[in-house]
Amino acid sequence: MKHHYLINVLIAILLLFSSCQKKQAEQADLVLLNTKIYTADPSGTVAEAVAVKAGKIIQVGPNHEISKLVGDSTQVIDLSGSFVFPGFTEGHAHMMGIGSNLINVDLMDAQSYDDVITRVKARAMNTPKGEWILGRGWHQDKWINQPEVMLKGFPTHEALSEAVPDHPVWLSHASGHAGLANAKAMELAGVNAQTMDPVGGEVFRDLSGRPTGLMNETASGLIYKHIPEETAALKSMKLSLAIEEALKNGITSFHDAGCGQDDIDLYESFAKKGHLKVRVHVMLDGSDSALLSQRYQIGPQQNLYDDHLNVSAIKLYADGALGSRGAWLLAPYSDAPDVHGHNTTPMDEIETVVQAGTLHGFQVCTHAIGDRANREVLDIYERAFEKYPELKTDRRYRIEHAQHIDPEDIPRFASLGVIPAMQAIHMSSDRPWAINRLGKERIETGAYVWRSLIDSGSKIVNGTDAPVEPINPIANFYASVTRKTLNGTPEGGYESAQKMTRTEALLSFTQWAAFGAFMEDKTGSIEVGKLADFTILDQDIMTIPEDDILQTQVIMTIIDGQVVYEK
C-alpha cells in the first residue's frame, strides 16, 4: 500500500511538472490584442490577435483564444483602434543613398532652380572652402518656375557657379541618372570642351561646345571619380540613419538595388552587433567584375544572421531614366524626335553576366525602363533559360522598374517567370510630364501597366526607389490603388484601368515582395511559424476612403517580435 501510495504521489508530481512545463511552453513572449489583422495569407484571413514566441508567430485568431497564451512574462500590447499588417517590404531602393540624402543637401522638394541654388549656398556658408558640396533630388519637370536659360530641357551651371564659386558642387538628379556640376567641380574633374562623351552617356554642351554642367547617364562618372572617398564613420552614420528612416516608415525588409563589397562588409558588421534590424536582400553591383568573380566562388547566400541578410542577387543596368531621356526606347521620344535614349551597359556584357549568374545560382535583376530595354532584357533571359533549361526552375529573375513595355512583351514576364519589380509612386510623380516623353498611345498601352501584368499572371514587387522618391509605403499604396498624383489629381486617376486593387497593392508590399527575395516561407504574411514582423497603422487602409489614405501614420514597427519603432 505504501509502495503504491509513493508511486501515485510521484505520478502526480510528474503530471504537475509536465503541466507546468506545457503551460510555460505555451506562454507567448508577445501578444497583440484588440486589433484588426490583415494576414495576407492565401485565404485573406482577418483576425483580432496574434501571439509570438522566440521571434516567430505561434497563433493567430480571436482575442479570447490568444489571451490564453498570456503569462506572467508576456508583453501584451492593446492595439484598440489600430491595424496590423505583415511587415512592409521595400522592394527596390538604395539604403546608402537614403542615408546620403539625410546628410547631404536634400533637393527633393525644391520648387525651382533658384530654390536649389539657395539651399546649396546655405550649405556653402557652413562648409570650408574647397570642400565638396553634394546634393540630390532636383527634377526640372517638377519645378513650378523654370529658369530663363535651359538646354535640352535642363538647367545650366552658370547661376550655380556664380552663387557658389569656391566649392566643387555635384547635384544628382532625382532619378540618379544625371547630375549638375558647377564650374569648380568641372575644373577639378578636367571636364571641358575637349572632353569626349563616354559610352552610354553624354556631356551636355551649349552652342559653342562648352559643357553646361549637366552630365547624363554614364557621363556622371566623370565627376563621381573625383569626389573624395567616404570615411568608415560617415558610412556607418549613413547606414544607421537609413535604417531608422526605414523603421519609422514601417519597413521590415529591404531590397537594396546595387551594392559593392564595402556595403556588404558594412551590413555584416551591423548584423554581427545586432544593429541591422531590417532584413536586407542585397543585389550585387553587376558592373564590378571582381566582386562577381569572388561571389561566384562563394555562391548565393540566403538567410544569414538570423534571416537578416541575403547576398544572392545581381543588379545590372540596361538603360537610363525617362526624366533625363536616358530610357532606351523602340521609337524616338515624342518630345525629342532624334533621341532613343541610352543603352548604358552593352547588351553582350549583360548577357555574359546573366549566363554566368545562371550557372552559379544567382538571381539576376536588371534595370530596364524603356520598352527597348525591357525587350532586350527579356530576350537575354529567355536565351539563358533555353541554354540552361535544367537551371530555369524558380530563378525569379527580375526586371527593375519595367515602366514602359511594348504590349507584345507584357505576357512574356509571366510566361518566362520574370518578376516586374515596379514602383507605383513613379507613376504618381512622373505621369504628368511622362506623356510628353512618350506620347498618348505609348502611355495608354504600355506605361505603368500593373493591371495588365497582374492579369497575365505576374506578381509585382512594389517599392519606392528611395532616395529617388521618399521611402513612404503609404504614398506608394495610394498611388497603386488610385493612380493619382499625391495632390489627388486627376479625378479617377491616370489610365484608371491599370489600377491595383487594395488587396493586390498590399500583396505587392508583403507576400509578393517576399517571393521576390525567396523569403515567402519566412515573411510576407502573418501565419503560424513565420517570423514576427508587423507594420501597425492608425487607419485601415483597406477600407477607408481613398482620399484619407495619405493621412495614415505608422504607429509601430515590430521585427522578430521586438518593437523597433514606436511613434
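**Paired strands and salt bridges in a predicted model**

Strand β8 (residues 88-93) and strand β17 pair in the parallel sense over four bridges, where pairing requires that DSSP finds at least two bridges between two strands. This is a predicted model, in which local features need pLDDT of at least 70 and side-chain atom pairs count only at pLDDT 80 or more, while totals for chains, interfaces and linings use all residues. Residues are numbered from 1 along each chain as its sequence is written, and side-chain values use heavy atoms, with hydrogens and water left out.

**Around strand β17**

- Strand β17 covers residues 251-259, and eight of its nine residues are buried (under 20% relative accessible area, with exposed being over 50% and partly exposed in between, using a 1.4 Å probe and protein chains only).
- Glu90 stands opposite Phe254 in β17.
- Strand β17 is also joined by six bridges to the parallel strand β18 (residues 279-285), and Asp256 stands opposite Val282 in β18.

**Salt bridges**

- The whole structure holds 37 salt bridges, each being a side-chain nitrogen of Lys or Arg within 4 Å of a carboxyl oxygen of Asp or Glu.
- Lys142 and Glu469 meet through their side chains in a salt bridge of 3.9 Å, N to O.
- Because Lys142 lies in the loop between β10 (133-138) and β11 (150-151) and Glu469 in the loop between β24 (461-462) and α17 (473-482), the pair ties together parts that are 327 residues apart in sequence.
- Lys142 is partly exposed at 32% relative accessibility, whereas Glu469 is buried at 5%.

Technical notes
Helix = DSSP H or I, 4+ residues; strand = E, 2+ residues; numbered from the N terminus.
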